Amino acid sequence: MVPQALDQVTVLDLIQYIAGPYCTKLLADYGAHVIKVERPGSGDPARHMGPFFRNEPHPDKSGLFLHLNANKHSATLDLKGAAGRRAFLQLVEEADILVESFAPRVMPSLGLDYQVLQKVKPALVMTSISNFGQTGPYRDFNSSEIVTYALGGPMYATGIASREPVKPGGSVLQYHAGATAASATMIALWAAEQSGLGDHVDISLMRVQASNQDRRSTMLIAYQYTGLISTRSEAGGQRLGAGVRPCADGYVALGGDGPRFERAARMIGRPDLLEDHRFKDSMARAQPGRSEEFDEYLLPWLLERTKLQVFQEAQAHHVPAGPINTTADLLTDPNIRGRRFWTTVKHPATGAVIHTGRPFIMAETPWRISTPAPRPPASASTTGRC
C-alpha cells in the first residue's frame with residue numbers, strides 16, 4: 001500500500017458536531033492515526049443528527065456522523081474521573097496533535113489545559129475550536145451557526161432589501177472553520193517538528209466568519225476605503241444575459257453579461273441584436289429594462305434545450321454557464337465521477353453507502369477511507385479500535 005502524507009502523525013480527537021470533526025477528518029483521510037475520544041454512553045451529539053440511513057434514527061446511522069468520522073479509531077473516556085484523565089494523559093504522551101472543541105473553560109476545569117499537557121508532551125500541537133476564541137469579552141458566550149453568521153457580518157448583505165437579512169442554508173461556516181483549523185494545525189505541526197516545541201492554535205468561529213473569503217474580506221476592505229456598507233438588493237433585477245434562468249428540464253446559471261454579451265447573442269442565434277440600438281454597446285445595454293428585453297430572445301432559446309444542451313452550447317461559445325444540479329445530478333456528473341469525488345464506505349449498520357471523497361488531489365499522496373466511523377461508545381471507560 002502506498003504511504004500517505006500523514007502516516008506517522010497521531011491525533012487525539014476531543015471534538016463533536018461538525019467543525020472539529022471535519023478538521024480531523026481531513027487529517028485522517030490523508031493517513032493520520034486519529035483517536036476519537038467520546039463521552040461514555042451518549043458519544044458525539046452528531047450521532048443523533050440527521051439525515052439518517054433509510055430515515056431510521058440511530059447513533060450508528062447518522063449520515064453526518066458517518067461522513068465526518070470515517071477513518072477514525074474509537075476511545076471512550078470519562079475525563080471527569082481520575083482514571084479517565086490518567087488514561088488520557090497516556091494517550092497525550094504518544095500524540096502529535098490534540099484537537100478539542102469544548103467551551104474555553106472546560107479543559108482548564110478538567111486540569112487538562114495546554115500548559116499541563118505540554119509538560120507531558122513538549123512538542124504537542126493543541127488546536128482549540130470554539131465560538132469566540134480562548135480570550136476576549138465573548139469568550140464564554142454560547143452561539144449557533146446563524147448567530148455566528150450574523151455576528152460575522154455578511155448576513156447584513158444577504159437577502160432582499162425589503163425583508164430581514166437571511167442566512168444561506170446548511171453549515172458552511174462549520175466546514176470552513178474545520179478546514180481553517182486543519183490548515184493551521186498542519187502549520188503548527190511543521191513548526192513543532194522544526195523546533196521541538198508545540199503550540200496552542202486558537203480557532204474562533206466568529207473570527208473565521210469575519211474574515212471569510214465569501215465576500216467578507218472584500219466588504220471589510222470596501223468599507224475601509226469608501227465608508228460604504230454593503231446592503232441587500234431588491235428581488236428581481238437580473239443582469240442582462242446573466243443569472244439563473246429556466247430551461248427545458250430545470251434551471252441554468254449564465255454569465256453572458258458585460259464583455260461576454262456578444263458571445264451570448266451569437267450563442268442564441270441572434271447576432272443581429274448587436275446592431276440593435278438597445279444592445280449595440282455597453283451604455284445602451286445598461287439602460288433600465290434591457291435585461292427583460294433581452295430575455296424575450298434568450299428565454300425561448302433556453303426553453304427549447306435541456307440543462308446539458310445549454311451547458312454544452314454555452315461552453316462552445318465561450319459563455320460561462322452551468323446547470324443547477326440536483327444531488328441526483330451530482331451523482332452522475334461525468335466530471336465529478338471522473339475525478340473520483342465519490343467513494344463507497346461499508347459500515348456494519350448501513351452496509352455500503354456512497355460518501356463524498358477526496359476534497360483535493362495530491363499527485364504522490366493517496367487519499368483513502370480504510371475504516372468506517374466508530375460504533376457507539378460503551379457506558380464504561382474503555383479504549384479500543386473500531
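User: How many helices and strands are in the protein chain?
Analyst: The model is a predicted one. Its C-alpha atoms fill a box of roughly 80 × 50 × 40 Å along the principal axes. The count of secondary structure elements in the protein chain is 15 helices and twelve strands.

User: What percentage of the residues in the protein chain is buried?
Analyst: The accessible surface of the protein chain is about 20200 Å², and carbon and sulfur atoms hold 55% of that surface. Buried means under 20% relative accessible area. Of the 386 residues, the buried share is 43%.

User: Among contacts between residues at least 6 apart in sequence, what percentage joins residues at least 24 apart?
Analyst: A contact here means heavy atoms within 4.5 Å. Taking the contacts in the protein chain between residues at least 6 apart, the share that joins residues at least 24 apart is 68%.

User: How many of the residues of helix 1 are buried?
Analyst: Helix 1 covers residues 19-28 and is mostly covered. Its buried residues include Lys25 as well as Leu26 and Leu27.

User: How is helix 6 oriented to helix 7, roughly parallel or roughly perpendicular?
Analyst: The axes of helix 6 and helix 7 (residues 172-195) come within 9 Å and cross at roughly 75°. Angles of 65 to 115 degrees count as roughly perpendicular. Therefore the orientation of helix 6 to helix 7 is roughly perpendicular.

User: Which residues form a nonpolar patch on the surface with about 440 Å² of accessible area together?
Analyst: One member, Val147, is found in helix 6 (residues 145-152). Val147 is partly exposed, because its relative accessible area is 37%. The patch consists of Tyr138, Phe141, Ile146, Val147 and Leu151.

User: What is the omega of the peptide bond from Gly50 to Pro51?
Analyst: Most peptide bonds are trans. Pro51 sits in the loop between strand 2 (33-38) and helix 2 (63-69). The bond from Gly50 to Pro51 is cis, with omega near 5°.

User: What is the phi of Arg54?
Analyst: Most residues other than glycine have a negative phi. Arg54 lies in the loop between strand 2 and helix 2, and it counts as exposed because its relative accessibility is 67%. Although Arg54 is not a glycine, its phi is positive, at about 55°.

User: What is the phi of His318, and where is the residue found?
Analyst: His318 is found in the loop between helix 13 (307-316) and strand 9 (321-323). With 59% relative accessibility, His318 counts as exposed. His318 is a residue other than glycine with a positive phi, near 60°.

User: Are Glu38 and Arg47 buried or exposed?
Analyst: Side chains of opposite charge can pair when their charged atoms come close. Glu38 and Arg47 meet in a salt bridge with an N to O distance of 2.9 Å. Glu38 and Arg47 are both buried.

User: How far apart are the closest N and O atoms of Asp257 and Arg260?
Analyst: Asp257 counts as buried because its relative accessibility is 15%. Arg260 is partly exposed, with a relative accessible area of 27%. In their salt bridge the closest N and O atoms are 3.4 Å apart.

User: How far apart in space are Val120 and Trp342?
Analyst: Val120 lies in helix 5 (residues 114-120) and is in contact with Leu89, Val92 and Glu93, leaving aside neighbours within four places in sequence. Val120 and Trp342 are 222 residues apart in sequence. In space, C-alpha to C-alpha, the distance is 40 Å.

Conventions: Residues numbered from 1 in each chain as written. Predicted model: local features only at pLDDT ≥ 70, side-chain atom pairs only at ≥ 80, totals over all residues. Heavy atoms only, no water. Patch = residues over 30% accessible without salt bridge, like charges linked within 9 Å, V, L, I, M, F, W, Y side chains within 5 Å. Areas by Shrake-Rupley, 256 points an atom, 1.4 Å probe, with all protein chains shown as cover. Salt bridge = Lys/Arg side-chain N within 4 Å of Asp/Glu carboxyl O. Helix = DSSP H or I, 4+ residues; strand = E, 2+ residues; numbered from the N terminus. Buried < 20%, exposed > 50% of the residue type's maximum accessible area, 1.4 Å probe, protein only. Axes fitted to C-alpha atoms, helices over the stretch in contact; angles between N-to-C directions. Parallel < 35°, antiparallel > 145°, perpendicular 65-115°, else oblique.
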